[in-house]
Amino acid sequence: MRITVEEADSGSPAINRNAFKATIRRQKVVILGAGFGGLAAAMGLRHADVDVTVIDRRNYHLFQPLLYQVATAGLSPAQIAMPIRRILSRQANVTVLMERVEGIDKEARIVQTANRRIAYDYLIIATGARHAYFGNDEWAETAPGLKTIADATEIRARILSAFERAEAAEDQAGRERLLTFVVVGGGPTGVELAGAIAELAKKVIVRDFRRIDSSSARVVLVEAGGVVLPAMPPKLSEKARRHLEMLGVEVLLKAAVTRCDVQGVTLADGREIQSSCVLWAAGVMASKAAKWLAVPADRAGRVHVDRNLNPPGNDDIFVIGDTAAVTDENGRAVPGVAPAAKQMGEHTARAILANIDGRAVGPFRYRDFGRLATIGRKAAVADFGRIRLSGFGAWLVWNIAHLWFLVGFRNRAAVFVDWALAYVRYDRSARLITDRHER
């Protein structure tokens with residue numbers, strides 16, 4: 001709003017036509033988390049007359065669906081991540097803070113971090129999820145999950161170190177344990193990890209060792225349920241299982257893990273699998289958002305939200321992405337995938353702008369673009385509703401979809417070149433053991 005003031009005295013100085021702006025306090029939007037949902041919300045507010053603060057405990061945005069490629073030496077971390085500040089550098093109304101959130105005061109509208117108190121008018125919580133061990137948190141040290149770059153580089157070190165230690169081992173039993181890899185969980189991450197490890201052992205590094213035959217490595221995928229990729233239609237799940245077995249992966253279904261330690265795992269039926277490398281892909285647990293807000297959550301810790309993505313009774317707070325338990329108009333759970341998080345972030349930005357302008361906005365509507373999972377070098381499964389693909393065609397679609405969601409042209413180009421070379425030469429250029437702890 002502008003107010004023009006003119007001097008009545010014609011002899012006054014030439015300030016009589018100066019305009020003075022009566023400032024109205026700009027609304028403050030605080031976004032916790034710079035994943036797909038958080039970034040989509042920030043970008044959706046790029047032309048708004050608001051001040052946006054993005055808080056993340058890391059300084060980079062990560063493309064999590066390709067973490068398994070880093071974990072299995074297919075890509076380097078820099079190819080699937082980009083600094084948050086660089087992504088938002090041209091957005092003048094955004095401030096980025098690298099902080100760890102410790103709590104939220106809803107009454108005072110304050111976010112408490114380790115170093116400061118940050119006021120907000122609107123709060124967007126997009127803090128994601130971590131792996132869950134179903135009450136067996138002590139297994140985390142033995143069986144790392146895959147959610148961060150640190151997780152991926154640690155897993156890569158464990159996998160590659162197992163081959164190195166097997167090369168130096170003198171007894172056959174020790175070699176067999178070192179060359180046995182167990183992946184717990186038959187969802188997309190578990191399927192992709194198991195397929196990539198099998199391909200690494202049987203195709204990529206088979207000529208690199210002299211005392212061991214890496215192709216003899218045993219890769220076991222353990223799933224407590226009756227199928228792999230349970231979110232997929234049954235026929236695609238079965239095709240995924242067959243593709244895994246063609247790669248040499250042992251798929252054990254209806255096999256719950258009851259023990260997990262440095263010696264390996266024990267299954268519910270009493271079978272023991274001796275392994276020096278157990279990887280966890282069996283479940284996720286949301287961040288502490290429900291605890292911060294003191295609101296109800298589901299079994300995975302996700303905050304129950306309404307169709308506007310607000311926790312009940314908190315119209316100034318939005319919870320999105322893996323942190324939220326959201327259902328569509330048909331009552332079906334919205335999956336925790338990148339497209340869903342982006343859609344929630346975009347909807348939240350529109351809702352905030354509408355609220356500021358005094359307009360109404362409709363409820364969140366999820367557009368399902370399908371589900372994809374890759375199995376090795378040139379096989380995948382894809383479910384687009386009426387269109388369902390498997391094999392090489394699905395693998396091509398998977399590649400295109402994942403390249404599209406990578407942030408930044410440079411990242412897309414680098415990943416494309418690496419994938420093309422790897423496809424032709426069966427090579428993986430990121431076979432570096434960088435973990436400081438010897439496994």
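These legends walk through a few close-up views of strands in a predicted model.

Local features here need pLDDT of at least 70, side-chain atom pairs count only at pLDDT 80 or more, and totals for chains, interfaces and linings use all residues. Residues are numbered from 1 along each chain as its sequence is written, and side-chain values use heavy atoms, with hydrogens and water left out.

**View A. Three strands make an open, antiparallel sheet in the order S16-S17-S18.** Strands are DSSP runs of E, at least two residues, numbered from the N terminus. Strands count as paired if DSSP finds at least two bridges between them. At the edges sit S16 (257-261) and S18 (272-274), each pairing on one side only.

**View B. S24 and S25 form a hairpin with five residues between them.** Over four bridges, S24 (residues 371-374) pairs with S25 (residues 380-384) in the antiparallel sense. Look for Ala373 with its bridge partner Val381, and for Leu372 opposite Ala382. In the turn, Gly376 has a positive phi of about 80°.

**View C. S25 also forms a hairpin with S26, with two residues between them.** Five bridges join S25 to S26 (residues 387-391), and the two run antiparallel. Ala380 stands opposite Gly391, while Gly385 in the turn has a positive phi of about 85°.
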